[in-house]
Amino acid sequence: MTAGDQTERLESVPITRETVRRGDVLMVGGRQIQVVDIVRTTYGTRLGFKGGEWLWLTTRTELTGLRGAVPSAGGGS
């Protein structure tokens with residue numbers, strides 16, 4: 001395996017108020033922004049971004065984002 005093969009791979013995933021995770025990258029207004037904070041309430045989920053911006057996700061919000069691939073359970077070689 002070469003060093004190039006070890007780079008983190010990102011995959012496209014649907015983002016909803018239930019599935020969002022820290023580290024997800026969203027494309028908003030032509031900019032890629034990374035989720036750094038998540039506050040879940042009964043009314044929605046508030047996402048905090050590195051630049052200090054906030055975005056509320058409600059039950060009907062669905063976005064497409066990028067997420068780092070989760071390593072396999074075996075860790076194999």
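Author: The largest nonpolar core has 10 residues in all: Val-13, Ile-15, Val-20, Leu-26, Ile-33, Val-35, Ile-38, Leu-47, Phe-49 and Leu-57. Elements giving two or more residues to this core are β1 (10–15), β3 (31–40) and β4 (45–49), and β3 gives the most, with 3 residues. Keep in mind that this is a predicted model.

Reader: What makes a set of residues a nonpolar core?

Author: The members have to be buried residues of the nonpolar kinds, joined through side-chain atoms within 4.5 Å. Nonpolar side chains tend to be buried together in soluble globular proteins.

Reader: Which residues does Leu-26 touch, not counting those up to four places away in sequence?

Author: Leu-26 touches Ile-15, Arg-31, Gln-32, Ile-33, Val-35, Leu-47, Phe-49, Leu-55, Leu-63, Thr-64 and Gly-65. Contact here means heavy atoms within 4.5 Å.

Reader: How many salt bridges does the structure hold?

Author: The structure holds 4 salt bridges. Side chains of opposite charge can pair when their charged atoms come close.

Reader: Why is the pair of Glu-18 and Arg-17 called a salt bridge?

Author: The closest N and O atoms of Glu-18 and Arg-17 are 3.9 Å apart. The cut-off is 4 Å, so the pair is a salt bridge. Glu-18 is exposed at 55% relative accessible area, while Arg-17 is buried at 12%.

Reader: And what makes Arg-22 and Asp-37 a salt bridge that links distant parts of the chain?

Author: Arg-22 sits in the loop between β1 and β2 (25–28), and Asp-37 in strand β3, 15 residues apart. Arg-22 counts as exposed at 56% relative accessibility. Asp-37 has 26%, which falls between the 20% and 50% limits, so Asp-37 is partly exposed.

Reader: How do you know whether Arg-67 and Asp-24 are buried or exposed?

Author: Buried means under 20% relative accessible area. Arg-67 has 12%, so Arg-67 is buried; Asp-24 has 1%, so Asp-24 is buried too. The two form a salt bridge, the closest N and O atoms being 2.8 Å apart. Arg-67 is in strand β6 (residues 63–68) and Asp-24 in the loop between β1 and β2, 43 residues apart.

Reader: What about rings: where does Arg-46 lie?

Author: Arg-46 lies over the face of Trp-54, at 3.9 Å from the ring centre. The distance limit is 6 Å, so that value passes. As for aromatic pairs, the count comes to 0.

Reader: Last one: what pattern does the chain follow?

Author: Along the sequence the pattern is β-β-β-β-β-β, with 0 helices and 6 strands. Buried residues make up 25% of the 77 residues.

Conventions: Residues numbered from 1 in each chain as written. Predicted model: local features only at pLDDT ≥ 70, side-chain atom pairs only at ≥ 80, totals over all residues. Heavy atoms only, no water. Buried < 20%, exposed > 50% of the residue type's maximum accessible area, 1.4 Å probe, protein only. Helix = DSSP H or I, 4+ residues; strand = E, 2+ residues; numbered from the N terminus. Phe/Tyr/Trp six-rings, centres within 6.5 Å; stacked < 30°, edge-to-face > 60°. Lys NZ or Arg CZ within 6 Å of the ring centre and 35° of its normal. Salt bridge = Lys/Arg side-chain N within 4 Å of Asp/Glu carboxyl O.
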